[in-house]
Every structure is written in C-alpha cells, then in structure tokens.
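I opened this entry to keep track of what I looked up.

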Amino acid sequence: MQNESVVLRVEDVVKHLGGQRILDGVSLTVKKGRLKVLIGPSGAGKSTLLQCINFLLPPDEGKVFLDGREINGKSKKELLWLRQRVGMIFQDFNLFDHLTAMENVRVALIKVKKMDKRAATHRAMEELARVGLADKAGLYPAQLSGGQKQRVSVARALAMDPAVMLLDEPTSALDPELIGEVLAVIRDLADAGMTMIMATHQIGFSSSLADEFLFMEKGRIIERGAPSDLLARGSCSRTMAFCAKLSELSGEMGG
Amino acid sequence: MNEALAFAFERVIPGLNAGLWASIGIIVPAALLGVAIGVTAGTLRVYGGVWPRRITNCYVSLFRGTPLVVQLYFWYFALPYVSVGGVNLILSPVQAAIIGFALCSGAYQSEYIRGGLLSIKRGQLLAAQALGITPLHCILSVVLPQAFRRALPGCGNEIIYLIKYSSLASIITVNELTGVGRGIAKATFQNTEVYVIVGLYYLALVTLAGWLLRLIENRLSIPGFEVKNS
C-alpha cells in the first residue's frame, strides 16, 4: 500500500447528536481516484459520517486525515483549507436561490479563492460545460429541473478543485426520469479519476463504479468489500439482503 | 369655490411647499437610517451571539412597546437633562425627529428582516460552509440578498407608515407639512381647505413612495423571488 496515494483517512470517528450515538467508531481509507459507496438503511449515520469528514459536524472522537494532515478542527484557517479541498454534494442540492447557475459556481471562487471576476466567470463556465449545462448558465435555480440543479451543484464543487468529493444521496430527491443525467455526470467524474465517497441507494449503478461498498447500520460499518463479492450469487451478506429488499421494492413500484 | 381655490393657491400651497421639503428632509434620512438599523438589528437577532441578541431584542421591545410621541418627547425635551459622563446632548428639533423616527422604524424593520432571514433554508448555509465561505461572507452574499428580497414588501410598508407618522414631528416644533398646515389653519380659520390639502400632500408622497418601492421590487425581482403585486 503506497502511503502517498491515500487521500483521506478516517479513524474511529464517534459523533453524538441529540444525546444519541449516531456514529459509533467508523474508520475508512480512501485512495486517490477511488469511489467508496456507503449503503445502508436511513438513520444508519451515512450523512453524519460525510458531514464529520469536512467538519460541518465536528467529530466528538476520532481522527480525520486529509492528504496525510490531521485535522483537529480548532483553527479556522485549517477548516477553510479542509473545506476547499473537500467538495460536497447534498441530497437537496442547496443551490443559492438568488444566484444564476453560473453565479452559483462562481461565488466561492471569488469569495474564497479570491479569484478576479473574469477568471472566475471563465472557470465557472468551464465547469458548467463539463456537466452539460453551458446553455443554462443564466438561469436561476427556480428555472432549473432537479437534475439540472444537482448538476450545477456538482459544477460548483468541482470549480474548487477538490481532492475528494462527498456525495450525500445525490439522486434521492430526484424524480426517477431525472436520475440518469446526474448518474451520468457522476460516472464521468469517476472515469476522470475523481476520488469520491458516495452515500446512495443506487446499488446497480454504483456497483459498476465503486471499488468498495461500506454497509452501515446503527452508526457502524458492519460489512465492507468489493461489490462483486458482496453481491455475488449465493452470497449471504447483509449487503445482499439489503439490496434484494431495495430491488424488490423498486420492482413493486415498477410493476 | 373660486374663493377657496384662490385662497389655496395664494396662501396654502406656497407655505405647504416649504413644509413639504422639511418633511422630505426628515423622511428620507429617517427611512434610510431605519432600514440600516433594521438590517443590522434583524441580522444580530438571528445570527448574533447571546449578548448581541439580548441587546437587540431589548431595543426592539423598547421601541415597539412605547408610543412614538413619548419617544419624540424624550429625544427633544428630556434628553437635554440626561447627563452621560458629564455631557448633555441637545438635539435640534429636526435631529430629534430623524433619530426618533429612525430608531422606531428600525425596530419594525428588524422584524421584517428577521422574518426574511428565517425563511432561508438551512441547507444553503451548510452549502456555503462546505465551500469554505466564511460566516460573514455567507451572511453578506448569500443570506442578506435573499432575506432582503423576501422582506422588501414589509419594509416598504413600514416606509409608507413612516411617511405618515413623520407628521408627529410637528409636536416637537418642526415646521414640516402638518406643522405648517396647522399654522395656516390657525391664522386663517380655513380649517377645511387647509387640512384637505395637507392630506392630499401626504397622499401624493405615499403614492410616489409606493411607485418607487414597486420600481425597486421589480428591479430586484428574480425568478423564485417574484413579489406578487395584487
């Protein structure tokens, strides 16, 4: 294992929220260019884990290392550095409603990276083109479909040149017919070698891209392994049972 | 009727025009100051720490909870007797009126701004934080532009109120529209003509302000933030 290829390491992270132990000692390591997929029932702690990684929720215990540097969460400068290096995609897109698609992508370049307006605009347009939305640059979030909003939010994260992207159920709030366009963008990112951790219920899609599935339940990772192993025919993994239930449900909906 | 018209044009209107400018000289700075105070206080009430929040809440309770006339009397008649560190602050009638109106108006404005701030989805703050945007920049470039748009109809309404309660400046001896009107009415006993015309002046001011506010609303209107004009 080459040490320099490790982008992100999480060690024994514990987080309490509202008196409940939401994360109960979670560890994982992500190497450059890999995609880790978090699966598991709602309430398992997937979102909390992702928010602990960029300290939107500071962990109560445990360590987070980015590029080999331990984040202690005390210095504002360090947090700023961490958050610039970690892109985040939310389930509900969280675009800034008063800014156009282009301005949404540009605002952090100007305010955080202190780029001048022209260079930032140029960069924002590049990223919008990358997610196929160059022609929607002037539209406001209220004028975009859910899929387009999520693609803008991907462009917004990419513009910051993140070392790793955290995707928190990026397609869960989308109508079924809009899921495909967002998954296509995520596939492009994986193909381009972006390091990612994604919480998702899109098992079929992610099993072809992920190098590891992490199955979470009650704040712990209770199963991990290559998707092909966990989902192998005849496997009696917890992951398999969960996925069977998911596909059964979607089968019911389809029929 | 002709007599009344002649009286209006010769006596009332030239006097009231001078009063009109005095009124505008109070309304405009008081409205601007009021909005500035309201935005600051409203922001502190939502995002400030414990003490800034307590202090601004006290300010709002105090100025919404006491009659404006009492506040004006205080600024003009009582303040000169209040010694702060050996200094007694004496305000001119116009200064007292502007400060009194701005502080009162700011208390109401802060309520509208607070409502606007609370309407902003928390997710956007998380997204800004995740991008490394500092809390100050987040408030200035993400939160306030949206909150202001949402608060604008309420803030405009408060400015309309301010135009009308500016008439109270006359009780602390400012010769604005109402004060001038009262002077003319007393001297000529033509109460009906004078007060009808004074009323029309305010109506014109409010109409003009309403038109300007709608212009601003339209200029700031963006998809998703449309102000629905009835």
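In what order do the four strands of the open sheet in chain A stand? I looked it up in the model, which is predicted. The order is 2-1-4-5, and the pairing is antiparallel.

Next I checked the edges. Strand 2 (20–31) and strand 5 (69–71) of chain A stand there. Each has a single partner strand, so one side of each is left without a neighbour in the sheet. I also noted the twist, which averages 25° from one strand to the next.

Then I looked at one pair. Strand 1 (residues 6–17) and strand 4 (residues 61–66) of chain A are joined in the antiparallel sense over five bridges. In strand 4 of chain A, Leu66(A) is the residue opposite Leu8(A).

**Helices on the sheet**

I followed helix 1 (residues 46–53) of chain A. Helix 1 lies across strand 1, strand 2 and strand 4 of chain A, and runs at about 120° to strand 1. Helix 2 (residues 76–85) of chain A lies across strand 4 and strand 5, at about 110° to strand 5 of chain A.

**A loop residue**

Where is Leu144(A)? I found Leu144(A) in the loop between helix 4 (117–130) and helix 5 (146–158) of chain A. Is Leu144(A) buried or exposed? Its relative accessible area is 8%, which is under 20%, so I put Leu144(A) down as buried.

I then listed its contacts beyond the neighbours within four places in sequence: Ala101(A), Lys136(A), Leu139(A), Lys149(A) and Val152(A). Ala101(A) is 43 residues from Leu144(A) along the chain, yet their C-alpha atoms are separated by 8.8 Å.

Terms used
Residues numbered from 1 in each chain as written. Chains lettered and ligands numbered in written order. Predicted model: local features only at pLDDT ≥ 70, side-chain atom pairs only at ≥ 80, totals over all residues. Heavy atoms only, no water. Pairing = 2+ DSSP bridges. Helix = DSSP H or I, 4+ residues; strand = E, 2+ residues; numbered from the N terminus. Axes fitted to C-alpha atoms, helices over the stretch in contact; angles between N-to-C directions. Contact = heavy atoms within 4.5 Å. Buried < 20%, exposed > 50% of the residue type's maximum accessible area, 1.4 Å probe, protein only.
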